[in-house]
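Please give me a guided tour of this structure that I can follow in my viewer. Tell me what to select at each stop and what is there.

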Amino acid sequence: MIRLSVPLRQALARLSVPVLIAAAFGTMLLGKADTLLVERTRMALADLLAPLYAVAAEPIGAVRGTVAEVQGLLNLRQETARLREENDRLHRWQAAALALEAENALLRRQLTFVPDPAPQFHTARVVADAGGTYAKAVLIATGPFLQVQKGQVALDERGLAGRVSEVGSRSARILLVTDMNSRIPVVLEGSRARAMMVGTNGARPRLQHWPSGMQPQEGDRVVTSAESATFPAGLPVGIVHLGETGWPEVELYARLDRLDLLRIFEFGLAGILPPEAVTRPDPSVRPRH
Amino acid sequence: MTRRGRPASAPGLLARLDALARAAAPSVSTVAAMVLAAAPVGLPTLVPAVALAGVFFWSLFRPASMPAPAVFGLGLLQDLLGFSPLGIGVLTLLLVHGAALRVRRALAKQSFPLVWLAYCGFAVLAVGLGYLLQALLGWHLPPTPPAFAGFWLAVGLYPILAWPMSLAHRGMQRAEGLA
């Protein structure tokens, strides 16, 4: 260790804060100028921490489970009533679905219909909240057996949750549909009107840009649209709900506040991808046209 | 216990390791807490609150173990763990560190509620600066509820985090008194 005289050392200590504050501004500039470098560093760190998170997931899961159980016990009565009502409704739907399935099979036989191939999916564990105060994203643990690519679609067991935005060797980041930077082309199932679902960082993303005269109605089902070839058509997204200001919002099917497993789907679509993916095309991603 | 006579010998390997561990404990424990806080528990993100509490406490009570470069590293870690533009955490934590060093002579002697109150002031400034920088770097106004949630989390978490930290601090002081 280098021995310095006391006044010199004091002067250095006093200087270090201003110098480092200047370095902080430098970091900001770097973050603005070279987003690719930042992204790589972030994924390297996430890769480094992913095994640790995977180990910590068990106790954290136990804590979360306990909290959820206590909440469940507290509103057991209400929950039972709701489930009974939902069960009745689902029975009616089941009858309708069976009738439609039979009819569908009958019609298909007459059309020599070629069915869509069933999409491939992998299930991955959500290990960390990778957002921040003003962003909504989660980190999933991947591995040698689970190859994930940028742009793939992530669903939880109920509906659309987000898209893969950054990929490392052991982890991947999913940008959730509630994030402010998320724009999802959707279709209102009732009127077949197209719209954009725009994240606001709140729990319910907003709908925008619907065709004039086709105002989204409360309770309309919202599904993804195949516009721009980023999503397959018809993935369940949520239900239209008019917010306090009267602006249509989407009540998501996916429960983004308690994600623990995500299904990463490979639909073989290569729509809008980030710039560096265009300059270095990935041979394993084939557009399905 | 009184000791007589002998001149102090040069510190042995174990003593030096001990001192090193004491010097590194604040930043290492803060890093560990931040990494754990990034786990998904269904709350808004806890990472900035944990980082702020760690930097504030150790800059106030043990500034020698929380030097400015360590604060820089913690800020960088905060930015990289989250999805926010790079540099916001670095700048806010460094400013908190600098300001805490300025007021530490007056504040370190005060009782816990007063320190907590001062921490609330620091948290307001840190969250406000974070909001401002986010707006400037992202070039659109972020919504305010997450900022408020972040502030209340920071303020509410401080006593929970300060308790083990002050235990550790007192333990380290005792160890230094013995040595």
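Start with the lining of the second largest cavity in this predicted model: its residues divide into 10 nonpolar, no polar and three charged. Here Ala, Val, Leu, Ile, Met, Phe, Trp, Tyr, Cys and Pro count as nonpolar, Asp, Glu, Lys and Arg as charged, and the others, Gly among them, as polar. A cavity is a set of points, on a 1 Å grid over the protein atoms alone, where a 1.4 Å probe fits but cannot get out, and lining residues have an atom within 4 Å of a point.

Select Ala46(A), Leu139(A), Arg173(A), Leu80(B) and Leu81(B); of the 13 lining residues, these lie nearest the centre of the second largest cavity. Helix H2 (35-74) and strand S1 (120-129) of chain A, together with helix H3 (68-81) of chain B, are the elements that give two or more residues to this lining. H2(A) gives the largest share, five residues. Helices (H or I, at least four residues) and strands (E, at least two) are DSSP runs numbered from the N terminus. The space in this cavity is about 80 Å³, a volume being the space filled by probe spheres set on the points, with grid points joined across faces, edges and corners. The count of cavities of 30 Å³ or more is two.

Next, select the barrel of chain A, which six strands close in the order S1-S2-S5-S4-S3-S12 with antiparallel pairing. Two strands pair if DSSP finds at least two bridges between them. On average, neighbouring strands of this sheet are turned by 45 degrees against each other, direction ignored. H2(A) packs on the sheet and touches S1, S2, strand S4 (160-167) and strand S5 (171-176) of chain A (contact: heavy atoms within 4.5 Å). The direction of H2(A) makes about 100 degrees with that of S5(A); axes are lines fitted to C-alpha atoms, for helices over the stretch in contact, and angles run from 0 to 180 degrees between N-to-C directions.

Zoom in on S1(A) and strand S2 (residues 137-141) of chain A, which run antiparallel and are joined by four bridges. Arg125(A) has Ala141(A) in S2(A) as its bridge partner.

Last, select strand S10 (residues 236-242) of chain A, joined by three bridges to the antiparallel strand S9 (residues 221-224). Arg221(A) stands opposite Ile239(A) in S10(A). Five bridges join S10(A) to strand S11 (residues 248-252) of chain A, again antiparallel. Gly238(A) has Leu252(A) in S11(A) as its bridge partner. S10(A) and S11(A) form a hairpin with five residues between them, and Gly246(A) in the turn has a positive phi of about 90 degrees.

Residues are numbered from 1 along each chain as its sequence is written, and chains are lettered from A and ligands numbered from 1 in the order in which they are written. Local features need pLDDT of at least 70 and side-chain atom pairs count only at pLDDT 80 or more, while totals for chains, interfaces and linings use all residues; side-chain values use heavy atoms, with hydrogens and water left out.

Technical notes. On a 1 Å grid over the protein atoms alone, a cavity is a set of points where a 1.4 Å probe fits but cannot get out, and a pocket is an open set with protein on both sides within 12 Å along at least five of seven lines; lining residues have an atom within 4 Å of a point.
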